[in-house]
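I opened the model today to look up its pockets and its ligand site. My notes follow.

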Amino acid sequence: QEVENEYYGEPFRSQYHFTPASNWMNDPNGMVYFEGEYHLFYQHHPDGNTWGPMHWGHAISADLVHWDHQPIAIFPDEHGTIFSGSAVADVNNTSGLGTKENPPLVAIFTYHDADAEKTGAIDFQTQGIAYSTDKGRTWEKYAKNPVLKNPGIKDFRDPKVDWYENEDGNGKWVMSLAVKDKISFYSSPNLIEWTFESDFEPDWAAYGGVWECPDLFKLKNNDGEEKWVLFVSINPGGPNGGSATQYFVGDFDGENFTAEEQEVKWLDYGTDNYAGVTWSNVPKEDGRRLFIGWMSNWEYANIVPTEVWRSAKTLPRSLELFHSGEKQYIASKPIEEIKKLRVDSKEVEGESIDLSSELLEIELDIVGADFEFELSNAQGEQVILKKEGNSLSFDRSLSGKTDFNNEFKKLHTAPDLGLDFRSLSVFVDKSSIEFFFNGGELVLTEIIFPENPYTQLKTKGFGEVKKVHSLKSIW
Ligand code: FRU
């Protein structure tokens, strides 16, 4: 793969997943669609390649595939550094921070006051807002921040806000907030004054770590029925260790969220999809619920073997609800726009295939009850995805560089969710591999650090014809 921009040619630099130009990145923040542009903000430490005082980095895209880096959007101030949060288009100017003719974008984020934390205080996380009246290019903090003070709880963060309308057409802003190990809902007419509504903390959910980065939104299931979905990222306590995102399917009446099925559900069975949330204000005509996650895990995020920058985002995905038996799950589909990156598409036959690109999308039909997918190179580096009986596993123990963390070599497994496996599509970038079964009904997102390109694909249990697409870099 020829990389025109030498700067993006460093070892392991993702070629079609979003990365910051330099230094540290974690959670996606403030994703909002506005006047033809998708905004992506992110937790960013601009002065180092490990986690540090948080700012909101920023990028803009017209297609969710190609990104233009923007100047840092939101800087720390006297109330603290800028932790995760969301952004909305305040189209009716309910906040008064713009005008009816030029409505503002409003970002709602957590202030983390590290100085107060050092004094032993526990109320050092509060919520603040900032606004932009120039399509997100520059941001002004609200003069009377914080807008939501801390009631005396150590973990009080990651506000995700969206407009809620009841059947009579009456609306209000609803905030989902991670409060230690529960989700609190607040509401507001104007994004400035917030009223507590309720807590969600079912005793059967996955705990094990602190709850973070909630998201609350509606999705249609495949009977055309609308359900409410609540995302909660937890760290640690994920199904394969460390950080992961659980979700609940149920109902929200403007005040309370109730889950329909008492089952712990995970968005992804790979270890590297965390703190993901969805875009707000996507036009109704588009109809998609668009998602992106942070492609790392707090177990090793700070020590993965990259220097200039640290960590990438997942591929953007469109979320849908589907039934498996009586139960409802979320499918995460790679967005259609990614097809634009295909530069060469081949239909290849046989179980062993030579690969000529490091950037790949591979499409397979699953015909056997058991199957095996292996990428390897002559240097002995390899990854293996395998189903044997009821056990589905991914092995990255020999994937490349793994010596930075003991946990990294561990075998990852996914449970039997009663799926009938029909297809698999696999996206390979310089330091990640993403597996989508049945168009996203089961997903494994995994980072890997091969020191040499994988050159061989070996398969068992798949249809004779395999589609292999070479992809191009977005940079
Ligand atoms: C999740 C998280 C959030 C917090 C942010 C700080 O990864 O811990 O809860 O706002 O990262 O960078």
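Which residues lie nearest the centre of the largest pocket? I noted Asp-162, Trp-163, Val-282, Lys-284 and Arg-289, out of 34 lining residues. This is a predicted model, so I kept that in mind throughout.

Entry: largest pocket. I read a volume of about 1200 Å³. I then looked up which elements line it. E5, E9, strand E10 (171-179), strand E13 (210-220), strand E14 (226-235) and strand E21 (317-324) each supply at least two residues. E9 gives the most, with six residues. By class, I found 16 nonpolar, seven polar and eleven charged residues in the lining.

Entry: second largest pocket. About 410 Å³ of space lies here. I counted 20 lining residues, with Lys-339, Arg-342, Glu-361, Glu-363 and Ser-425 closest to the centre. Strands E22 (327-334), E25 (360-365), E30 (423-429) and E34 (465-471) each give two or more residues to this lining. The lining splits into seven nonpolar, four polar and nine charged residues.

Entry: ligand. I listed the residues around the ligand, among them Asn-26, Trp-51, Arg-157, Tyr-274 and Trp-298. The shell holds five nonpolar, three polar and four charged residues. The side chain of Asp-158 has an N or O atom 2.6 Å from one. For Glu-212, a polar side-chain atom lies at 2.8 Å. Ser-84 uses a polar backbone atom, at 3.1 Å. Taken alone, the ligand exposes 310 Å², and the protein buries 95% of that. Strands E1 (23-34), E5 (81-89) and E9 (156-165) each give two or more residues to the shell.

Definitions and conventions:
Residues are numbered from 1 along each chain as its sequence is written. This is a predicted model: local features need pLDDT of at least 70, side-chain atom pairs count only at pLDDT 80 or more; totals for chains, interfaces and linings use all residues. Side-chain values use heavy atoms; hydrogens and water are left out. A residue is near a molecule or strand if one of its heavy atoms lies within 4 Å of it. A polar contact is a pair of N or O atoms within 3.5 Å; within protein, one must be able to donate a hydrogen and the other to accept it, and residues adjacent in sequence count only if both atoms are side-chain atoms. Accessible areas come from the Shrake-Rupley method with a 1.4 Å probe; for residues, only the protein chains shown count as cover. Helices (H or I, at least four residues) and strands (E, at least two) are DSSP runs, numbered from the N terminus. Ala, Val, Leu, Ile, Met, Phe, Trp, Tyr, Cys and Pro count as nonpolar, Asp, Glu, Lys and Arg as charged, and the others, Gly among them, as polar. On a 1 Å grid over the protein atoms alone, a cavity is a set of points where a 1.4 Å probe fits but cannot get out, and a pocket is an open set with protein on both sides within 12 Å along at least five of seven lines; lining residues have an atom within 4 Å of a point. Grid points are joined across faces, edges and corners, and a volume is the space filled by probe spheres set on the points.
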